[in-house]
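Here is a quick tour of how some chains sit against each other. Have a look at the sequence and the 3D view, then read on.

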Amino acid sequence: MNAVVADAIVVGAGIVGAACADALAADGMRVMVLDSAFAGGGTTAAGMGHLVAMDDSEPQLALTSWSNRLWQERSRTLPPACEMDPCGTLWIAEDEGQIPAVEEKRARYAGHGIAAEAVDAAGLAKLEPNLRPGLAGALRVPGDSVLYPPAAARALLESALGRGAELREGVEVRAIGPKEVETSEGAFRAPVVVNAAGARAAALTAGLPIVPRKGHLVITDRYPGFCRHQIVELGYLASAHTMTSESVAFNVQPRATGQLLIGSSRELAGWDAAVNPRIVSRMLDRAVAFLPGLAGLSAIRTWTGFRPATPDKLPLIGRWNGVDGLWVAAGHEGLGITTSLGTARLLADLVAGRSPGIDPRPFDPNRAAAAAVA
Amino acid sequence: MTGADRVPIVVDGRPVEAEPGTTVAAALVNAGIAAFRTSVAGAPRGPLCAMGICHECRVTIDGAAHRRSCLVEVAPGMRVDTRG
Amino acid sequence: MAETLAADVAVVGGGPAGIAAAAVAAESGKRVLLLEEGTRPGGQIWRHRPGAAPPRARRWLERLARSGAVPLPDAAVFAVSGGFALFAETPSRPLVVAAKALVLATGARERFLPFPGWTLPNVIGIGGAQALLKSGADFAGRRVVIAGSGPLLLPVAASLAKAGARVALVAEQAPTASVFRFAAGLWRSPGLLADALAYRRAFAGTPYRFGTWAAEARGTDRVEEVVLTDGTRSWTEKCDFLCTGFGLVPATELARLLGCRLDGEAVAVDARQGTSVPGVYCAGEPAGIGGVEKALVEGQIAGCAAAGRAPGRRLLAAARRRMRYAAGIARAFAVRAELRALASPDTIVCRCEDVPLRALSGARSAREAKLHARAGMGPCQGRVCGPALRYLFGWESDTVRVPVSPVSIETLSAIGAAESHEEGR
């Protein structure tokens, strides 16, 4: 009883857990992955699957751009079910007042080697004819992609399983501590335990500064060709940045099926998964303001999801509390899909004691405590 | 019903006469049309439930896609397209 | 943008149950709105073209008209919130109805089970054939095979025969013994027995077999023939149309959205048709499949209760009898195990998304099947494949969410108008 079951246990078979399992297995570790339901069924299934370079902060830009490069490398071996599409992102400037922000963003991306070009009003209308006339322009980032997250999580897990990892689904995890995971099927022990439980991470390891940040999405019937890029308003970052109150920001994605995925919203609502009519209404109205043709399209489904949010918008990646045997890879807010690969590489580097592929300090899980002391 | 009472509609570019008060689905069935649309994998499909549940009877009506033909009554001049 | 109306009682669904509930509630002096998705009240069983309502329907429609209840046709309810606010899509603006009490009379839909070839054009539902007939389809001279299950087979076979169709065969999958036991139990309802015999006479020239089902539909771009079997021998019948369907499934989406408790597949109700949510009543098929008589009785009870009156003892006794009849239907026409094995790995299970049976291997829930195989992701929102998944694998359907049927983005946005009507959450 309480025998060591693996070299590493990863709790959470969402996109981050799956990526971590694959990276640790690639390092030759025997990995066991535990999930209370089924792979890719949690927050991973609720999000948009936008692989995006995001510049809310330098570390975020570093992590997302590194991860995007890793996704590019991976794209050749991803199965078709992942629906990876290099459609790129258009960051929309609603009016002339936002044009300087377009240039600033372009320069920041350039500083990280990310190709981006400013597009004027006429160019924007050509790229996306369904956008309303009168928009000032946009920043086009051709290197961004979209994919279908549940399939991607599964693909990463399949890769891990191919390297000898084991997946146990339907296991209710109750607590994650140093070298030990308490579950409905008893305690599992391993020298390395990784909490990749996303929005639920803080319920399983006390003290993790992660809270659920609810979002809504609406998906339409099939309208192939309605738009060709992931289209996001520049104001999206302002919405993602504020931790209090509720906010909506225009964000639309064309899916491989021709369906349109419409977002986005943020609110702190605990674990109430019910669709909030007021927020859906605001979100849809905002979307129609940018894409008037959306108004008449058929909406098939609405759902909610919980982003795992941290106070400084950066994930927690690394050893927790300086304690041996307990690692965290969680708190990715709305960037879990994108940064799963970078997170996994960084975690694997830290676990192996290698020089990490990216500066790990901004993602140090203990940084809040360290800052308080400093 | 005399011929004068019939409702003229256009189906896939061809004129069809329908009885007033009939649904577009019924009009298509009466015109001998079995395939109202193509499935996502390319197979021909027609109505199953005929009461708005299954969505298999979807056609484009007057330019609007994904209309359930079993729920729409024919109107003069209506343009129906099964080739969506 | 949305039009707002207020009522004491809002009734959703204009079939027999809804019509009865609306009429009775309005006769009690309440302001009643009756929302019906179709062009005019009638629902499915009383669906009719203008001026062509069946006699019984006509009497109830006249009573509805006299009662003062306001019918709102072409209003498809796609959302509801506590308190209550109903949101409906109409041909013009979205409609918001604020009401103190709700009667859900949302009817039922057919249970379809997949078998090879079932997605061929001209394979239609048994209720589907009835709906097409009633909305003007002409089956005269067409060769029709009906193969499925349940009391619906008889009236539909009769209607098709009267409409001039050549009904080649009516095949009921339930064993002969079950059907006869059920028929024998009809001595308590001589009216129903007489109806059944009249229906049978209407297609007297057609074989009516029990313990027989369709194993495969064949054809190139539409059905041309069907393979039938009784478990031992198989044979082929040519047909222009194959009607399939295995009983009815209650339509409970709005009830579930409101948080009403279910009893099996139906909404759980007390003797006054009250659900587990105060102020929400449910009548007719969604409270248990049982036909027109049950719908009328329960509709009247729900109308009384929603209007704050006590339903009469005779009505309550009639309702109890109807429930027993409903239970008898479920027992007699249970789908036999052999039908689980009909679908082959290539047989489409989710029609909206063309998901074959083999894509579902490895899934352990409806939700997993949806996320990883797309089953249930299409516009029917799992209404067709859901009962099939339940039958084949025992999976419960995933959570119901707004909109309960697809609506335009513009219309969906109208749900934000609820705020002024809510008394606080």
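A polar contact here is a pair of N or O atoms within 3.5 Å; within protein, one must be able to donate a hydrogen and the other to accept it, and residues adjacent in sequence count only if both atoms are side-chain atoms. By that rule, chain C and chain B share 15 residue pairs in polar contact, both residues being at pLDDT 80 or more.

Some ground rules before going further. This is a predicted model, where local features need pLDDT of at least 70 and side-chain atom pairs count only at pLDDT 80 or more, while totals for chains, interfaces and linings use all residues. Residues are numbered from 1 along each chain as its sequence is written, chains are lettered from A and ligands numbered from 1 in the order in which they are written, and side-chain values use heavy atoms, with hydrogens and water left out.

**Two interfaces**

A salt bridge is a side-chain nitrogen of Lys or Arg within 4 Å of a carboxyl oxygen of Asp or Glu.

| Chain pair | Residues in contact | Buried area | Salt bridges |
|---|---|---|---|
| A and C | 35 residues of chain A, 27 residues of chain C | about 2700 Å² | three salt bridges |
| C and B | 39 residues of chain C, 33 residues of chain B | about 2800 Å² | three salt bridges |

**Chain C against chain B**

Carbon and sulfur atoms account for 56% of the area buried between chain C and chain B. One salt bridge links Glu56(B) with Arg351(C), whose closest N and O atoms are 2.6 Å apart. The largest share comes from α3(C), with four residues. Sorted by class, that side has 17 nonpolar, nine polar and 13 charged residues; Ala, Val, Leu, Ile, Met, Phe, Trp, Tyr, Cys and Pro count as nonpolar, Asp, Glu, Lys and Arg as charged, and the others, Gly among them, as polar.

**Chain A against chain C**

Between chain A and chain C, 53% of the buried area lies on carbon and sulfur atoms. Which three residues supply more of chain A's buried area here than any other three? They are Phe38(A), Ile300(A) and Arg301(A), which supply 22% of the area. Glu169(A) and Arg364(C) meet through their side chains in a salt bridge, at 2.7 Å from N to O. For the side of chain A that touches chain C, α9(A) gives the largest share, seven residues. That side divides into 19 nonpolar, eight polar and eight charged residues.

β17(A) and β22(C), residues 407-408, run antiparallel and are joined by two bridges (two strands pair if DSSP finds at least two bridges between them). Here Ser298(A) stands opposite Ser408(C).

**A hairpin in chain B**

Chain B has an antiparallel pair of its own: β1(B), residues 7-11, and β2(B), residues 14-18, are paired over five bridges. Val7(B) stands opposite Ala18(B). The two strands form a hairpin with two residues between them, and Asp12(B) in the turn has a positive phi of about 50°.

Conventions
Contact means heavy atoms within 4.5 Å. Buried area is the accessible area (1.4 Å probe) that two parts lose on being put together, summed over both.
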